[in-house]
Amino acid sequence: MEPGRNHRTRAALLEAGRAMDRAFSVRELHAAALPHAPRLGLTTAYRAVERWRETGFVEHAGTRDGEAVFVVCGADGHHHHLVCVECGAT
């Protein structure tokens, strides 16, 4: 788990991210984590996704409805993700 003060919030975001079976926006991740961390702020979700992107836990996968979408990815090396514009499946 990431170091920091609010482990419950970060754990809820991490669990929600791992559970996503499609590309997701930060707002979608935030909504998925809220039942487990009701006080979770949207800004915290944005910061977490940015840290995950920097460490390679998620990758930017384009945009949907004007919002950046991300996928959880463990692949190494050069690769691409195809993302369905209808349902977000990767």
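**Is Asp65 buried or exposed?**

Asp65 is exposed, with a relative accessible area of 78%. Exposed means over 50% relative accessible area, buried means under 20%, and partly exposed lies in between (1.4 Å probe, protein chains only).

**Ground rules**

This is a predicted model, in which local features need pLDDT of at least 70, side-chain atom pairs count only at pLDDT 80 or more, and totals for chains, interfaces and linings use all residues. Residues are numbered from 1 along each chain as its sequence is written, and side-chain values use heavy atoms, with hydrogens and water left out.

**Exercise 1. List the elements of the protein in order from the N terminus.**

Step 1. Helices (H or I, at least four residues) and strands (E, at least two) are DSSP runs, numbered from the N terminus.

Step 2. Count them. The protein has three helices and two strands.

Step 3. Read along the chain. The order is α-α-α-β-β.

Step 4. Of the 90 residues in the protein, 33% are buried.

**Exercise 2. Compare the span of helix α1 with the expected value, then find its buried residues.**

Step 1. Take the rule. The expected span of a helix is 1.5 Å times one less than its number of residues.

Step 2. Apply it. Helix α1 covers residues 7-19, which is 13 residues. From first C-alpha to last, α1 reaches 18 Å, close to the expected 18 Å.

Step 3. Name the buried residues. They are Thr9, Ala12, Leu13, Leu14, Ala16 and Gly17.

Step 4. Recall the helix repeat. An α-helix has 3.6 residues a turn, so residues three or four places apart point the same way.

Step 5. Find the cover. The buried residues of α1 are covered by elements including α2 (26-33), α3 (42-55) and β2.

Step 6. Look at a contrasting residue. Glu15 also lies in α1, but Glu15 is exposed, at a relative accessible area of 52%. Glu15 and His36 are 21 residues apart in sequence, and their C-alpha atoms are 9.4 Å apart in space.

**Exercise 3. Trace the contacts of Thr9 and Ala37.**

Step 1. Define contact. It means heavy atoms within 4.5 Å.

Step 2. Place the residues. Thr9 is in helix α1. Ala37 is in the loop between α2 and α3.

Step 3. Check burial. Thr9 is buried at 9% relative accessible area, and Ala37 is buried at 5%.

Step 4. List partners, leaving aside neighbours within four places in sequence. Thr9 touches Ala37, Leu40 and Thr44. Ala37 touches Thr9 and Ala12.

Step 5. Thr9 and Ala37 are 28 residues apart along the chain, with C-alpha atoms 5.6 Å apart.

Step 6. Widen the view. Among contacts in the protein with a separation of 6 or more, 40% join residues 24 or more positions apart.

**Exercise 4. Describe how α3 packs against α2 and α1.**

Step 1. Two packed helices are described by the angle between their axes and the distance between the axes. Axes are lines fitted to C-alpha atoms, for helices over the stretch in contact, and angles run from 0 to 180 degrees between N-to-C directions.

Step 2. Take α2 and α3. They pack at an angle of about 115°, with axes 9 Å apart. From α2 come Val26, Arg27, Leu29 and His30, and from α3 come Leu42, Ala45, Tyr46, Val49 and Trp52.

Step 3. Sort that contact by class. Ala, Val, Leu, Ile, Met, Phe, Trp, Tyr, Cys and Pro count as nonpolar, Asp, Glu, Lys and Arg as charged, and the others, Gly among them, as polar. The α2 contact with α3 has seven nonpolar, one polar and one charged residues.

Step 4. Take α1 and α3. Their axes come within 11 Å and cross at roughly 65°. Thr9, Arg10, Leu13 and Leu14 of α1 meet Thr44, Ala45, Ala48, Arg51 and Trp52 of α3. By class, this contact has five nonpolar, two polar and two charged residues.

**Exercise 5. Work out how β1 and β2 pair, and what stands out at Asp65.**

Step 1. State the test. Two strands pair if DSSP finds at least two bridges between them.

Step 2. Apply it. β1 and β2 pair in the antiparallel sense over five bridges.

Step 3. His60 has Phe70 of β2 as its bridge partner, and Arg64 stands opposite Glu67 in β2.

Step 4. Go to the turn. Asp65 lies in the loop between β1 (58-64) and β2 (67-72). This hairpin has two residues between the strands.

Step 5. Check phi. Most residues other than glycine have a negative phi. Asp65 is not a glycine, yet its phi is positive, about 55°.
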